[in-house]
Amino acid sequence: MPAGAFKAPTGGNAAQNASRFAELPAFCRVAATVKPTTDSDIKVEVWMPASGWNGKFEAVGNGGWAGTISYPAMAQAIARGYATTSTDTGHSTPGGSFALGHPEKLTDYAYRSEHEMTVKAKAIVKAFYGNAPTRS
């Protein structure tokens with residue numbers, strides 16, 4: 001992403017964060033879908049500064065049952081030189097209704113999405129920079 005070019009998907013609080021996104025430095029953006037089970041649909045993003053990486057990795061959350069990538073928190077991390085990642089925890093609707101009749105999706109939400117996100121994001125960071133983060 002060129003400096004200042006990121007536009008968050010519509011909805012939520014994207015509009016109020018537009019100025020924060022406009023001030024971002026250039027970064028590499030990787031968006032992925034992780035499917036450790038046939039019922040999994042875990043969205044993950046990894047952002048890495050194009051220059052000035054501080055050697056650190058920061059995973060950011062989304063709060064409770066949110067089911068969203070935390071773009072504002074990722075913007076804050078990237079602005080401070082961190083490689084950063086976030087996940088929707090395997091669902092895209094607020095609340096827990098996504099888990100009814102879907103035990104694997106509940107497992108994704110409970111812990112698997114964060115584990116999968118972290119393992120894959122660290123591998124992406126290492127591939128991009130040629131070395132792993134010194135702190136995470």
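This is a predicted model: local features need pLDDT of at least 70, side-chain atom pairs count only at pLDDT 80 or more; totals for chains, interfaces and linings use all residues.
A nonpolar core is a set of buried nonpolar residues, drawn from Ala, Val, Leu, Ile, Met, Phe, Trp, Tyr and Cys, joined through side-chain atoms within 4.5 Å.

## Cores

The largest nonpolar core has 12 residues. Its members are Phe6, Ala8, Phe21, Leu24, Phe27, Trp47, Val60, Ile69, Tyr71, Met74, Ala75 and Ile78. Helix α2, residues 71–79, gives the most to this core, with 4 residues. A second, separate core holds 11 residues, including Val34, Val46, Trp53 and Phe57.

Leu24 belongs to the largest core. What does Leu24 contact, leaving aside its neighbours within four places in sequence? The contacts are Ala3, Gly4, Phe6, Trp47, Ala75, Ile78 and Ala79. Among them, Phe6, Trp47, Ala75 and Ile78 are also members of the largest core.

## Sheet

The model has an open sheet of 4 strands. Their order is β1-β2-β4-β3, and the pairing is mixed. β1 and β3 are the edge strands; each pairs on one side only. From one strand to the next, the twist averages 15°.

β2 and β4 are antiparallel and pair over 4 bridges. Val44 stands opposite Thr87 in β4. Strands of a sheet pair through backbone hydrogen bonds, in either a parallel or an antiparallel sense.

Two helices meet this sheet. α2 packs on the sheet and touches β1, β2, β3 and β4. The direction of α2 makes about 20° with that of β2. α3 lies across β1, β2, β3 and β4, and runs at about 30° to β2.

## Helix α2

Which residues of α2 are buried? They are Tyr71, Pro72, Met74, Ala75, Ala77 and Ile78. These buried residues pack against α1, β1, β2, β3 and β4. Of the buried residues of α2, Tyr71, Met74, Ala75 and Ile78 sit in the largest core. An α-helix has 3.6 residues a turn, so residues three or four places apart point the same way. Gly81 follows α2, and its phi is positive, near 90°.

## Aromatic pairs

The whole structure holds 11 aromatic pairs. Phe6 and Trp47 form one that is edge-to-face. The pair joins distant parts of the chain, 41 residues apart. Phe6 is in the segment before α1, and Trp47 is in strand β2, residues 42–49. Phe6 is buried, at 2% relative accessible area. Trp47 is buried too, at 0%.

Trp65 and Tyr109 form another pair. Why is this pair stacked? The ring planes are at 5° and the centres 4.3 Å apart, so the pair counts as stacked. The cut-off for stacking is planes under 30 degrees apart. Trp65 lies in the loop between β3 and α2, while Tyr109 lies in helix α3, residues 103–129, so the pair ties together parts 44 residues apart in sequence. Trp65 is partly exposed, at 38% relative accessibility. Tyr109 is buried, at 18%; the limit for buried is under 20%.

The geometry of both pairs is set out here.

| Pair | Centre to centre | Angle between planes | Kind |
|---|---|---|---|
| Phe6 and Trp47 | 4.8 Å | 65° | edge-to-face |
| Trp65 and Tyr109 | 4.3 Å | 5° | stacked |

Ring pairs also build a cluster. Phe6, Phe21, Phe27, Trp47 and Tyr71 are linked in this way.

Ser70 is in the loop between β3 and α2. Is Ser70 buried or exposed? Ser70 is buried, because its relative accessible area is 13%. A polar atom of the Ser70 side chain lies 3.1 Å from the backbone oxygen of Gly61. Leaving aside neighbours within four places in sequence, Ser70 contacts Val60, Gly61, Asn62 and Ser86.

Phe128 is in helix α3. Phe128 is partly exposed, at 39% relative accessibility. Beyond its neighbours within four places in sequence, Phe128 touches Cys28, Met48 and Pro49. Phe128 and Pro72 are 56 residues apart along the chain, and 23 Å separates their C-alpha atoms. Pro72 is one of the buried residues of α2.

Note on methods. Residues are numbered from 1 along each chain as its sequence is written. Side-chain values use heavy atoms; hydrogens and water are left out. Buried means under 20% relative accessible area, exposed over 50%, partly exposed in between (1.4 Å probe, protein chains only). Contact means heavy atoms within 4.5 Å. Rings of Phe, Tyr and Trp (its six-membered ring) pair if their centres lie within 6.5 Å; planes under 30 degrees apart count as stacked, over 60 as edge-to-face and the rest as tilted. A polar contact is a pair of N or O atoms within 3.5 Å; within protein, one must be able to donate a hydrogen and the other to accept it, and residues adjacent in sequence count only if both atoms are side-chain atoms. Two strands pair if DSSP finds at least two bridges between them. Axes are lines fitted to C-alpha atoms, for helices over the stretch in contact, and angles run from 0 to 180 degrees between N-to-C directions.
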